[in-house]
Amino acid sequence: MLDIIRLLPDSVANQIAAGEVVQRPASAVKELLENAVDAGATSIRLIIKEAGKTLIQVIDNGCGMSERDARMCFERHATSKIQTVHDLMAIRTLGFRGEALASIASIAQVEIKSKKTEDEVGTSVRIDGSDFKEQLPATCPDGTSIQVKNLFFNVPARRNFLKSNTLELKYIIDEFFRVALVRHDIGFTFYNNDKILYQVVPGNLKQRLVALFGNQYNQRLIPVNLETDIVNIAGYIGKPEFVKKIRGEQFFFANDRFIKSPYFHHAIENAFRELIPKDAIPSYFLFLEVDPKTIDVNIHPTKTEINFQDSKGIYSLVHTAIRQAIGKFNIAPTLNFDREMSMENPTMSDDRPVIQPTITIDPEYNPFEKKVRSQSELSLDPRERSNQENWQKIFDPLRNFPANNISGAERTTVNILSDLDKETSRPGIFTAFQVQNRFLVTYTLTGIVIMDQQNAHERILYENLLREKENHEIVAQKLLLPQTIRVNTADIELFTENRKEFEALGFEIEDFGKNTYLVNSVPAGCSNPDLAGLLEDILANIRESTGEIRAHSNIQVAGSLAKSLAVKRGSRLQPEEINNLVEGLLSCKVPDVTIDGKPTMIKVSFDELHKTFK
Ligand code: ADP
Ligand code: MG
């Protein structure tokens, strides 16, 4: 009997592998870009012609290859990135399977030019469909340049399968984005048919996002950040009001590797639920960082699928991270009375009234002095003044939000679309004004909003306090002179009941005998000269509390403190304070009502206005 089983020649084996690794020009682009990144390049050029069908070239300034390596790299399973099975557990490079170049060379005409810095001359190698053609010394810059010509020239079936140039180019751009997003520290230039398609300089992630997707993304992104023992999640999501109905802005990376994960996509979609229309897809650019030992990246030839040891846990953390991020910055439900409107064409801006109030500023005026009891008005010594500044820092509703980064100059040049961005997101500076020292008036994409300053501030302070408490960010401030306070006998019980809560918020309280206490520190910034009065106030608030805070004894103190500290009706506010309040309220989790259930604002939609003024 004749034996019939034979080992396949390498060229055939490589072509079979190529079927998995290189499905289209974009796959070759991915592999070449990843190799350049792995080589430690700081600058990478990608050159393609006819959507990569005739030429794909990647030029990097990375470590380069020796004469032998430049030949070896085309062998199957030839890699410099791992040596033992053990290494598979700690992979940090993008490549490691050592089959990309072998595969590509089996189905294209490839020329490599490479030089290591320490070498005097470089080397060039030419291979046609796995056939080694020649290797020659070459004068070339440090780094590597790989040209891949006529992809699938020897596999017509594959070549005929390719889609239109437009579509293949789209796939290439996707791959380019996946690398360029994660390695925002690398400069990239991308030429398509001799024209520059993208040119991006090293920068941070946000700068890279803006460079790739356009300036309007400056106002469209919400940062995501969650650090836990099993995973760190960072990146950005698109604000809910900018969701699109087409895919294309969903990027998920694990240990700096782009991955496709329907499972985690679901977690993100879930987190956006009810904030966006059903058929819309949220944008996200998320980076997971996990211990390499807890993932298996070697389950798919293109390495875009990964097994996570604790995928369930990560699922819920991704969900939490997104909810948190939206919660912090969520403005969509507040601003879009009719959510569908925000999906419409932005042409309505033409007939929108322009509100440009003039505000007289009294630089001496401090709207917050009203919160301080009468004694303070007599004694504005420097210590107190700094306390007050501190107070504003601590309780500034916008402290935890990025500043409105639209400079005056940019304002005049932005196009209608990004003008609208600003308004949907948050009104810019001076787009809100105060009426009767009590109401704050502003407008958004969909209507006019009127707030009550005191109610609004209560809500903001309350949410800030709770968040700080939750994140253990409460800053206590030592008093220079500890103050003694006497609690009314009637209040003693209430006070003892809530004493732990006071302490959790930064009050450091010592027994001083018979209804008297020594207060050593207070929540930073709220060092009120009349601590006893403040305390009385808070206790009274607790007693009278209704709604949200009544139900939860553990947040009564925070709620009552917020009420005591909130800027009062009748205080004239400065423009920044007006804006801080407006933006702060719109960024609250529950912006519409105070903790007692009183309204904080009313909204009149343009729709209603149009109907009224027919
Ligand atoms: P892998 O990336 O999985 O190791 P490849 O077939 O993509 O396998 O590459 C094989 C080897 O060739 C790499 O391990 C690396 O040593 C070398 N190599 C490929 N591209 C470059 C490059 N641009 N610069 C330096 N070395 C490279
Ligand atoms: Mg590789």
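How much space lies in the largest cavity? The volume of the largest cavity is about 80 Å³. The model described here is predicted.

## Cavities

Five cavities of 30 Å³ or more are present in the structure. The lining of the largest cavity consists of Lys30, Glu34, Leu94, Glu175, Arg178, Val179, Val182, Asp256, Arg257 and Phe258. Sorted by class, six of these lining residues are charged and four are nonpolar, while no polar residue takes part.

Three elements each contribute at least two residues to the lining of the largest cavity: helix H2 (25-38), helix H6 (165-182) and strand E12 (257-258). H6 has the largest share, with four residues. Domain 1 (10-203) and domain 2 (212-328) each provide at least three residues of the lining of the largest cavity.

## The largest pocket

The largest pocket holds about 700 Å³ of space. Its lining is made up of 34 residues, and Asn35, Met65, Cys73, Ser80 and Lys81 are the closest to the pocket centre. By class, the lining of the largest pocket has 16 nonpolar, eleven charged and seven polar residues.

Several secondary structure elements each supply at least two residues of this lining: H2, strand E2 (55-60), helix H3 (67-72), helix H4 (100-106) and strand E6 (143-149). H2 gives the most, with five residues. H2 is also one of the elements that supply at least two residues of the lining of the largest cavity.

## Surroundings of ligand 1

Ligand 1 is surrounded by 19 residues, of which Asn35, Thr79, Ser80, Lys81 and Gly98 are the closest. Asn35, Ser80 and Lys81 are also among the residues closest to the centre of the largest pocket.

Note on methods
Residues are numbered from 1 along each chain as its sequence is written. Chains are lettered from A and ligands numbered from 1 in the order in which they are written. This is a predicted model: local features need pLDDT of at least 70, side-chain atom pairs count only at pLDDT 80 or more; totals for chains, interfaces and linings use all residues. Side-chain values use heavy atoms; hydrogens and water are left out. On a 1 Å grid over the protein atoms alone, a cavity is a set of points where a 1.4 Å probe fits but cannot get out, and a pocket is an open set with protein on both sides within 12 Å along at least five of seven lines; lining residues have an atom within 4 Å of a point. Grid points are joined across faces, edges and corners, and a volume is the space filled by probe spheres set on the points. Ala, Val, Leu, Ile, Met, Phe, Trp, Tyr, Cys and Pro count as nonpolar, Asp, Glu, Lys and Arg as charged, and the others, Gly among them, as polar. Domain bounds come from an automatic or database domain assignment. A residue is near a molecule or strand if one of its heavy atoms lies within 4 Å of it.
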